[in-house]
Structures are given as C-alpha cells and as structure tokens.
Amino acid sequence: MRALLTKVEQDSRLDGAGDRLQKVVLGTLRPRRLRDLLHGVTLGHPLHPAMVQVPVGAWISAAVLDLMPGQRRPATVLVGLGTVSAVPAAVAGLNDWAALARDQRRVGLVHAAANTVGMALYAGSLAARLSGRHGMGRALGFLGLSTVSLGAYIGGHLAYKQGAQVNQSVSELHRMTDGWHSLADMATLPQRTLITREVDDNISVILYRHGDEVTVMLERCPHQSGPLGEGEVQEIDGHACVVCPWHGSAFRLNGGEVVQGPSGNDQQVLPTRIQNGVLQTRLP
C-alpha cells in the first residue's frame with residue numbers, strides 16, 4: 001500500500017482531472033469568507049477532520065446495529081444521518097484540497113474518489129432500506145464502510161505522510177534550545193516593518209515592532225511553509241496582519257491568530273523580553 005500511494009503521489013496522469021476539479025472548486029467557492037469558514041479559520045484548526053466525525057460515527061454505529069436483531073429502524077436513521085452529513089464534510093475537504101501542492105492533490109483526488117464511491121454506496125443502502133430491502137441495505141452499508149475506511153487510510157497518508165493541512169511551522173519549536181535568545185538591539189528595530197532574524201542560527205523568525213511592543217513569530221507559514229518574512233503587513237478587521245506571499249494566509253501580528261485562509265492553523269508567537277536594550281525570545 002505504501003508503494004502504491006507513493007506511485008499515486010508521482011503520477012502526473014492525475015493532474016488533468018485534478019486541475020479541472022480545482023478550477024471548479026475555486027470557481028464555485030468564490031467568497032473568501034465562505035472559504036475561510038470551510039478551512040476552519042474561525043476555529044484556528046482545520047474544519048474538515050472535525051466534520052467527518054459525524055458521518056463516520058453514524059456509519060460505524062449503523063454497522064454495529066446491523067449485526068444485532070431488531071435494529072432496522074435505528075440503523076436506517078444512522079445511515080441517513082451519515083449520508084446527509086457527509087456532504088458538507090466533503091465540501092470542506094474539497095476546499096482544503098484545492099489549496100494543496102500538486103503531489104498532495106493527486107493523493108487527495110484518490111481519497112475523494114474513494115469517499116465518493118462510499119457515499120454512493122450508502123445512498124443506495126438508504127434507498128434499499130427505505131423500500132424494505134433491508135438485506136440489500138445492510139450489504140451496501142458494509143461495502144460503503146469498507147470503501148470509506150480505505151478513503152480514511154488514504155486521508156491519513158495525505159495528512160501524516162504528506163503534511164496536508166498540518167501545521168508546517170510548529171516543528172521549528174522542537175529544534176529550539178531552552179533559555180532566552182538575543183535577537184536584536186531595540187534601538188535598531190524600525191517601526192511597523194517586518195524583520196527576519198534567526199534563533200540558534202537555523203530557526204527563522206520575524207520581528208514586528210509597534211511602539212514599544214515587538215512581536216516575534218515563527219517565519220514559516222503553517223500552511224505550506226511559505227516565507228512570512230517576504231509577506232506584506234495589512235490591516236484586517238482592525239489588526240495588523242502578516243500575509244503569506246505564497247497562498248495569502250494572514251495572521252494577526254499581536255497574537256498569531258489566523259484571520260484568512262487557506263491555513264486553518266494559528267501561527268506560533270514567541271515570548272519576548274528586553275534586557276539591557278536587547279530584544280530576547282524563548283520557547284513558549
């Protein structure tokens with residue numbers, strides 16, 4: 001299975017269908033507020049993984065009831081709940097998928113295809129149950145659960161092996177040594193200008209001074225590791241925010257909260273202090 005998914009990552013033949021689907025998704029989900037909602041910006045956490053708990057939980061529960069006598073009605077209700085709730089979960093997933101790198105989109109396309117087949121099987125299962133063909137409904141339900149389980153496995157590969165919608169910058173914290181680290185003399189820091197510095201000679205951070213307050217934030221964008229130090233500072237909803245130059249994710253400079261996707265994760269801000277006129281930072 002590992003070798004097969006590696007081949008999928010590298011299979012450029014999937015790009016034609018993937019590129020067309022990406023255009024459809026981006027063309028349909030045009031309002032930024034809608035895209036940000038589906039990315040999970042308001043939560044500071046990707047929304048899609050949370051939404052899939054409802055259909056998956058309902059379908060697994062239905063499968064358990066299908067193995068028990070006298071549970072046709074509650075099993076049918078759960079199959080219906082899972083099928084209906086899978087639709088918005090799929091929309092959120094497609095919204096995230098459209099903002100991924102090409103190799104991630106290839107695997108994501110297969111993930112989506114498996115889940116689409118699973119949803120179709122469950123829709124057939126629901127129709128069979130409602131028409132009184134409960135044996136067929138149970139059979140289609142078990143096939144559907146097997147298919148969406150395969151889709152979940154592929155989704156795990158996409159998230160944990162390829163890092164899709166996983167915070168790409170937090171690993172920097174694990175390489176930072178304990179204690180306070182000097183970054184710059186306060187007298188040399190310009191007002192309201194992004195400055196890039198390094199901690200431990202290999203961990204890039206951005207500095208932003210506003211009056212006597214200085215924000216120190218990890219420089220790698222949590223979405224796809226874009227260089228926030230090359231981004232622009234914009235005022236969004238009354239807050240100064242740094243906007244990633246790669247995909248447009250925006251983070252508040254006074255707290256790191258994500259205010260604009262496709263990132264669904266907040267950006268890490270580091271504690272600071274001033275010692276003898278020198279700005280210092282440390283691990284949170």
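In the predicted model, helix α7 passes helix α8 in a left-handed crossing. Helix α7 covers residues 102-130, and helix α8 covers residues 134-161. The axes of α7 and α8 lie 8 Å apart, and the angle between them is about 165 degrees. Angles over 145 degrees count as roughly antiparallel, and α7 is therefore roughly antiparallel to α8. The residues that form the contact of α7 with α8 comprise 15 nonpolar, 15 polar and two charged ones.

Helix α7 also packs against helix α1, which consists of residues 2-10. Here the angle is about 120 degrees, and the axes are 7 Å apart. The crossing of α1 with α7 is right-handed. On the side of α1, the contact is made by L5, V8, E9 and Q10; on the side of α7, it is made by D103, R106, V107 and V110. By residue class, this contact of α1 with α7 contains four nonpolar residues, one polar residue and three charged residues.

A pair of aromatic rings is described by the distance of the centres and the angle of the planes. Counting pairs with ring centres within 6.5 Å, the model contains one aromatic pair. Its members are W59 and Y122, with ring centres 4.2 Å apart and planes at 0 degrees, so the pair is stacked. Residue W59 belongs to helix α5 (residues 53-66) and Y122 to helix α7, so the pair ties together parts that are 63 residues apart in sequence. Both W59 and Y122 are buried.

Apart from neighbours within four places in sequence, the residues in contact with Y122 are W59, V79, T83, G141, G144 and L145. Between Y122 and T6 there are 116 residues of separation in sequence, and their C-alpha atoms are 29 Å apart in space. Residue V87 is located in helix α6 (residues 72-97). Its relative accessibility is 44%, so V87 counts as partly exposed.

Among the strands, β4 (residues 213-218) contains M217. The relative accessibility of M217 is 0%, and M217 is therefore counted as buried. Leaving out residues up to four places away in sequence, M217 touches V205, I206, L228, V242, F251, R252, L253, G256, Q267, Q268 and V269. Residue D178 is 39 residues from M217 along the chain, and the C-alpha atoms of these two residues are separated by 17 Å.

Most residues other than glycine have a negative phi, and most peptide bonds are trans. The peptide bond from G261 to P262 is cis, with omega near 20 degrees. Residue P262 is in the loop that runs between β8 (258-260) and β9 (269-270). Phi is positive in R192, a residue other than glycine, with a value near 50 degrees. This residue, R192, sits in the loop between β1 (181-185) and β2 (194-199). With a relative accessible area of 55%, R192 is exposed. A positive phi is also found in D201, where the value is near 70 degrees. The loop between β2 and β3 (203-210) holds D201. At 70% relative accessibility, D201 counts as exposed.

For the protein as a whole, nine helices and 11 strands were assigned. The C-alpha trace spans about 80 × 40 × 35 Å along its principal axes. The protein has 284 residues, of which 48% count as buried. Of the contacts between residues at least 6 apart in sequence, 58% join residues at least 24 apart.

Definitions and conventions
Residues are numbered from 1 along each chain as its sequence is written. This is a predicted model: local features need pLDDT of at least 70, side-chain atom pairs count only at pLDDT 80 or more; totals for chains, interfaces and linings use all residues. Side-chain values use heavy atoms; hydrogens and water are left out. Axes are lines fitted to C-alpha atoms, for helices over the stretch in contact, and angles run from 0 to 180 degrees between N-to-C directions. Helices (H or I, at least four residues) and strands (E, at least two) are DSSP runs, numbered from the N terminus. A crossing is left-handed if the near helix is turned anticlockwise from the far one by less than a right angle, and right-handed if clockwise. Contact means heavy atoms within 4.5 Å. Ala, Val, Leu, Ile, Met, Phe, Trp, Tyr, Cys and Pro count as nonpolar, Asp, Glu, Lys and Arg as charged, and the others, Gly among them, as polar. Rings of Phe, Tyr and Trp (its six-membered ring) pair if their centres lie within 6.5 Å; planes under 30 degrees apart count as stacked, over 60 as edge-to-face and the rest as tilted. Buried means under 20% relative accessible area, exposed over 50%, partly exposed in between (1.4 Å probe, protein chains only). Angles under 35 degrees count as roughly parallel, over 145 as roughly antiparallel, 65 to 115 as roughly perpendicular and the rest as oblique.
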